[in-house]
Amino acid sequence: MTLIKLCGNFRLQDIDYLNEVRPDLAGIILVPHKRRLVSLALAQKIRSQLDAKIPLVGVFLNQDADEILKYREIIQIVQLHGNESEREISKIQQAGLPVIKVMKPDHQYKTQAMCRMIDAGAGTGKTFDWENFQPLESLDFLAGGLTPDNLQQAISLLKPKVVDISSGTECNGIKNLEKMREVVRIARSNK
Ligand SMILES: O=C(O)c1ccccc1N[C@@H]1O[C@H](COP(=O)(O)O)[C@@H](O)[C@H]1O
């Protein structure tokens with residue numbers, strides 16, 4: 001089965017939707033100045049409202065380990081979307097939080113992180129040339145511009161273990177329950 005992470009949740013209503021559609025992982029943006037940023041206080045509320053069985057992933061971009069570790073009681077997994085060093089990854093993992101390291105499709109490398117995510121953008125809904133993509137190793141997470149319309153094609157072509165979707169489940173910048181239901185249905189239909 002293809003697992004699914006639904007990311008970019010920033011309203012408490014989004015958490016009600018997550019509890020209904022039950023993805024394998026849920027994500028929040030913890031990057032300053034981004035549209036979907038949630039505050040520490042809201043992140044705490046999100047964690048307590050989100051079903052305890054759904055791990056919460058915190059997304060960061062070029063932030064230092066000390067800042068990231070402020071969220072250690074709230075998030076269960078760290079997603080690093082920038083140029084973070086292996087030293088920073090190691091510091092975060094030693095503190096007990098597993099790391100997903102995001103890499104561009106044309107710049108893949110070995111990492112000590114728990115797993116790798118391939119994404120061409122950063123919450124911008126940008127896809128890449130799936131047909132000509134050669135993963136360095138088996139593909140853990142695939143992200144970038146996945147939508148209810150292209151998700152099945154992406155899964156069939158690249159066979160990722162996990163798909164990660166943010167903007168593709170929004171309408172006018174707000175989470176849409178029907179789109180969330182549909183992408184979960186598509187991922188789960190891949191046995
Ligand atoms: O969404 C953001 O604002 C964001 C900011 C900084 C780094 C990553 C961000 N988003 C994450 O990017 C992937 C793919 O998103 P999309 O499906 O292409 O919109 C996902 O993990 C987002 O949460």
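A113 lies in the loop between β5 (99-103) and β6 (115-118). The model described here is predicted. With a relative accessible area of 9%, A113 is buried, because buried residues are those under 20%. A113 and I89 are 24 residues apart in sequence, and their C-alpha atoms are 6.5 Å apart in space.

The ligand sits in the largest pocket. A total of 20 residues surround the ligand, and the closest are C7, R36, G145, D164 and S167. Sorted by class, this shell consists of 6 nonpolar, 9 polar and 5 charged residues.

On its own, the ligand has 510 Å² of accessible area, of which the protein covers 98%.

Q79 belongs to strand β4, which spans residues 77-80. The relative accessibility of Q79 is 1%, so this residue counts as buried. Between the C-alpha atoms of Q79 and D149, which are 70 residues apart along the chain, the separation is 25 Å.

Two further pairs concern residues in helices α1 and α6. V21 is placed in helix α1, which comprises residues 12-21. V21 has a relative accessible area of 9% and is therefore buried. Although V21 and R181 are 160 residues apart in sequence, their C-alpha atoms are 5.7 Å apart in space. R185 is located in helix α6 (residues 177-188). At 48% relative accessibility, R185 counts as partly exposed, because this class lies between the limit of 20% for buried residues and that of 50% for exposed ones. R185 and P23 are separated by 162 residues in sequence and by 9.8 Å in space, C-alpha to C-alpha.

Positive phi angles at residues other than glycine were also examined. H33 is not a glycine, yet its phi is positive, at about 70 degrees. This residue is in the loop between β2 (25-29) and α2 (40-49). The relative accessible area of H33 is 81%, so H33 is exposed. K159, likewise not a glycine, has a positive phi of about 45 degrees. The location of K159 is the loop between α5 (151-158) and β8 (162-165). K159 counts as exposed because its relative accessibility is 61%, and exposed residues are those over 50%. H33 and K159 are thus both loop residues and both exposed, whereas the loop residue A113 is buried.

Conventions
Residues are numbered from 1 along each chain as its sequence is written. This is a predicted model: local features need pLDDT of at least 70, side-chain atom pairs count only at pLDDT 80 or more; totals for chains, interfaces and linings use all residues. Side-chain values use heavy atoms; hydrogens and water are left out. A residue is near a molecule or strand if one of its heavy atoms lies within 4 Å of it. Accessible areas come from the Shrake-Rupley method with a 1.4 Å probe; for residues, only the protein chains shown count as cover. On a 1 Å grid over the protein atoms alone, a cavity is a set of points where a 1.4 Å probe fits but cannot get out, and a pocket is an open set with protein on both sides within 12 Å along at least five of seven lines; lining residues have an atom within 4 Å of a point. A molecule sits in a cavity or pocket if more than half of its atoms lie within 2 Å of its grid points. Ala, Val, Leu, Ile, Met, Phe, Trp, Tyr, Cys and Pro count as nonpolar, Asp, Glu, Lys and Arg as charged, and the others, Gly among them, as polar. Helices (H or I, at least four residues) and strands (E, at least two) are DSSP runs, numbered from the N terminus. Buried means under 20% relative accessible area, exposed over 50%, partly exposed in between (1.4 Å probe, protein chains only).
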